Amino acid sequence: MSAVTYLEAISQAIREEMRRDEAVFLLGEDVGTYGGAFKVSAGMLEEFGPERVIDTPMAEAAIIGSAVGAALMGMRPIAEMQFIDFITSGFDQIINMASKMYWRAGMPVPIVIRGPSGGGTHGGPFHSSSPEAWFFHTPGIKVVVPATAYDAKGMLKAAIRDNNPVLYLEHKLLYRMPELREELPSEDYVVPLGKAIMRREGEDMTILTYGAMVHQSLKAAQTLEEEDDLDVEVIDLRSLTPLDRETILESVKRTNKVLIVHEDTLTGGIGAELAAILSEDLFEYLDGPITRVAAPDAPFPYAPPLEDAFLPNEDKILNAARKLAAY
Amino acid sequence: MPTPVKMPRLGESVAEGTVGSWLKNEGDWIERDESLAEIVTDKINAELPSPVAGRLTKILVKVDETVPVGTDIAMIEENADVSASPPAEAAPGPDAAPVESPARANVAVMDNRSATGGGNGAGGATQSAHVGEEERQRISPLARRLAREHGLDLYAIPGTGTGGRVRKDDILAYLEQQAAPAAAVAQPAAPAPAAQPVYSALAAPIEPAYGAPAAPSMAGEDIEIVTPSRMRLAIAEHMVRSKRTSPHATTVVEVDMTNIAKWLEKNKEDFKKREGYSISYVPFVMKAVCEGIRKFPLMNSSWTEDNKIIIKKRINLGIAVATDVGLVVPTIYDADQLTIAGLSKQVNAVAQRARSNKLTVQDMQNSTFVVNNPGTFGTIISVPIINQPNAGILSMDAVVKRPVVIEDDAIAVRYMMYLSLSFDHRILDGAGAGGFLQAVRTKLQSYGREIDVY
């Protein structure tokens, strides 16, 4: 079996789950005839037919609303946002319907909303966003962000089989990144939602991160080992809701210094909540300030130099880590 | 409501004290200002007077136990019938009573604290709560917890983090250091002083942090390993801190002391017979320093952590006194208000207290400038280290006869002395320091054959 990209891993997951379970179907803009804007669903219309691979109008509220309705009727829809930025058009359906339905009516809403998020591809302000914080704040919906091909497939399968609404954020920069190619198990597997993973072990500092920033953080950790003799642990959160507090606390308790890295903007981001948890639970284990590296509080810029300046990267992580190490 | 008795601050750089002995038992009646306990610190031992009259209801700190300044160490229940003293709540942490210090000494404590408190705005009313403030150190939360768990004195552990912060690594290194000598160096058979464990615990940290060679793990034929006394450690810490805190610059002037020397030769004996204490060059220099400070008030100031300069209006001269166990710098309060004879009397008094180990809390606090006299050992030029948080320190070296070119290019034998001033270059430049020295010299050279020292 050959090594697959992050994008192919997502395709495989959808395909295998649709084969496994008749209730699973895909809907979204251009997912059928066109095979999806990024070709995630290429060939699926041919394999599963127009009733299970549904091209929709450009109306996210309708896409998500239909998915919620279908889920209530026993289906397990996968709703694709062509770019995750457009999820805001379906916000009400997620916040007021999908995430509250089980509490209101006792009826689970097993939907997956997925789509390409993140920047670094010169996509400009409407094609680069990282919307996790809005949904992270909302009870009743899971939010997951895979960073590798293995996780992309395993977590999407877990998301499809989960009885809760799951927001599955793909990072478009990782879709075809050659270094992310990997051979996946030929047998069926899932990556359970709610478990973080240690990507690199260390004792001097913990970096908590997710998504594309996992790779920037790993590069920074490597540099810190080579140039600064620092042993940095990198934890890939993978699942933001539910959050794997156990792994996070265990690591920081050991390293005593923590750097939080995310691509989303700083204020009210995932890092803010992580910082609050850490200061509440581990205050007396901290040997330095909980430090965040994130995008500045500004709309995503279009100009490439501005985009470079805006996004967190290895250099910014290095700077923050060195300051924290010296604290 | 019982009145708490707090651990007093016995000296400016002292953050904690040890109860040497309790002079009263639980249940005993005690008068106000009657001695309640003996307190031992690295600088001095002192008796602690009771802040109120009442019954000692509870002893909270055992003998030989060391606690931070401001900690409640006992509770005294005041009897309502004899409660002529101020309300219990208002009683501040008492300081050990001054023996011979001027009456205003208590006020000085308050003034100085609010001054050295820097920008934290500690007012007089909240003094007792802020006793530890000036000692405040940068410490990570983890380091604080580790120190507590291991019973360590955080102030004894030098920090290597940004801005001198004490971090995990510092605590771990300290614990390692502490373990090493304790295991390897055989303790002498002589009985250890009461607080010995604390002393030896203090020994380790000074070395690694300041890059001194680590102590050899084993004593051998060629070397002897000495665990410094607590006072030696306190001096070491202070010296390193001072050098690290103030950029020292030193400047020297030469002073013609002929007239003073001749006056002393002639009057010294009579003076001692008459007054009961001796007189030397020191009070003359102190007097001149007061004049110099009046002209250059910056010499009597402190640079604060938040980058302000506090100019002190009172001139309290510290005078360095060598004792058997080390150097102490007791304070002569309001030196500018005293005559030369008065200065001489005070210098004699504090030197005597220092040598008999009877210095009080006030003696050890609040100096605003220090005069040091290594000249008694025949030194001719010294480069002194500033007593923090002062702006300067003046060293008087030996007065020796030298051939000197005087007026009209004649050569004469004169009594000459070098005065070396080390000053904090953050506060003053060479011009200010030189001007100050000039004023001191002018004053010293202004005396004629007849000098009125009263």
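**Two chains in a predicted model**

In this predicted model, nine residues of chain A are in contact with ten residues of chain B. On the chain A side, the residues that touch chain B comprise five nonpolar, two polar and two charged ones.

Chain B has 454 residues, of which 41% are buried. Its secondary structure consists of ten helices and 19 strands. Among the contacts in chain B with a separation of 6 or more, 66% are between residues 24 or more positions apart.

In soluble globular proteins, nonpolar side chains tend to be buried together. Here the largest nonpolar core has 195 residues, and those that touch the most other members are A:Ala159, B:Val285, B:Val289 and B:Val371. Helix α8 of chain B, residues 281-295, gives the most to this core, contributing nine residues. Leaving aside residues up to four places away in sequence, B:Val289 touches B:Leu317, B:Phe369, B:Val371, B:Leu394 and B:Val440.

Two packed helices are described by the angle between their axes and the distance between the axes. For helix α1 (residues 6-20) and helix α7 (residues 149-161) of chain A, the angle is about 30 degrees and the axes are 8 Å apart. Because angles under 35 degrees count as roughly parallel, α1(A) is roughly parallel to α7(A). The crossing of α1(A) past α7(A) is right-handed. On the α1(A) side the contact is made by A:Tyr6, A:Ala9, A:Ile10, A:Gln12, A:Ala13, A:Ile14 and A:Glu17, and on the α7(A) side by A:Ala149, A:Ala152, A:Lys153, A:Leu156, A:Lys157 and A:Ile160. Sorted by class, this contact has nine nonpolar residues, one polar and three charged.

The other pair is helix α9 (residues 245-255) and helix α10 (residues 270-282) of chain A, which pack at an angle of about 60 degrees with their axes 11 Å apart. Their crossing is also right-handed. From α9(A), the contact involves A:Arg245, A:Leu249, A:Val252 and A:Lys253; from α10(A), it involves A:Ile277, A:Leu278, A:Asp281 and A:Leu282. By class, five of these residues are nonpolar, none is polar and three are charged.

Some backbone details remain. A:Thr241 and A:Pro242 are joined by a cis peptide bond, with omega about -5 degrees. A:Pro242 lies in the loop between β10 (239-241) and α9 of chain A. In chain B, a cis peptide bond joins B:Gln388 and B:Pro389, with omega about 0 degrees. The loop that holds B:Pro389 runs between β16 (369-372) and β17 (392-396) of chain B.

A:Asp30 is in the loop between β1 (24-28) and α2 (44-48) of chain A. It is partly exposed, because 16 other C-beta atoms lie within 10 Å. B:Asn307 sits in the loop between β10 (301-303) and β11 (309-311) of chain B. B:Asn307 counts as exposed because it has 9 C-beta neighbours inside 10 Å.

Finally, B:Asp452 belongs to the segment after α10 (430-445) of chain B. With 8 C-beta neighbours inside 10 Å, B:Asp452 also counts as exposed. Its C-alpha atom is separated by 9.2 Å from that of B:Thr339, a residue 113 residues apart from B:Asp452 along the chain.

Methods. Residues are numbered from 1 along each chain as its sequence is written. Chains are lettered from A and ligands numbered from 1 in the order in which they are written. This is a predicted model: local features need pLDDT of at least 70, side-chain atom pairs count only at pLDDT 80 or more; totals for chains, interfaces and linings use all residues. Two residues are in contact if their C-beta atoms, placed from the backbone, lie within 7 Å. Ala, Val, Leu, Ile, Met, Phe, Trp, Tyr, Cys and Pro count as nonpolar, Asp, Glu, Lys and Arg as charged, and the others, Gly among them, as polar. Axes are lines fitted to C-alpha atoms, for helices over the stretch in contact, and angles run from 0 to 180 degrees between N-to-C directions. Helices (H or I, at least four residues) and strands (E, at least two) are DSSP runs, numbered from the N terminus. Angles under 35 degrees count as roughly parallel, over 145 as roughly antiparallel, 65 to 115 as roughly perpendicular and the rest as oblique. A crossing is left-handed if the near helix is turned anticlockwise from the far one by less than a right angle, and right-handed if clockwise. A nonpolar core is a set of buried Ala, Val, Leu, Ile, Met, Phe, Trp, Tyr and Cys residues joined through C-beta atoms within 7 Å. A residue is buried if 20 or more other C-beta atoms lie within 10 Å of its own, exposed if 12 or fewer, and partly exposed in between; C-beta atoms are placed from the backbone.
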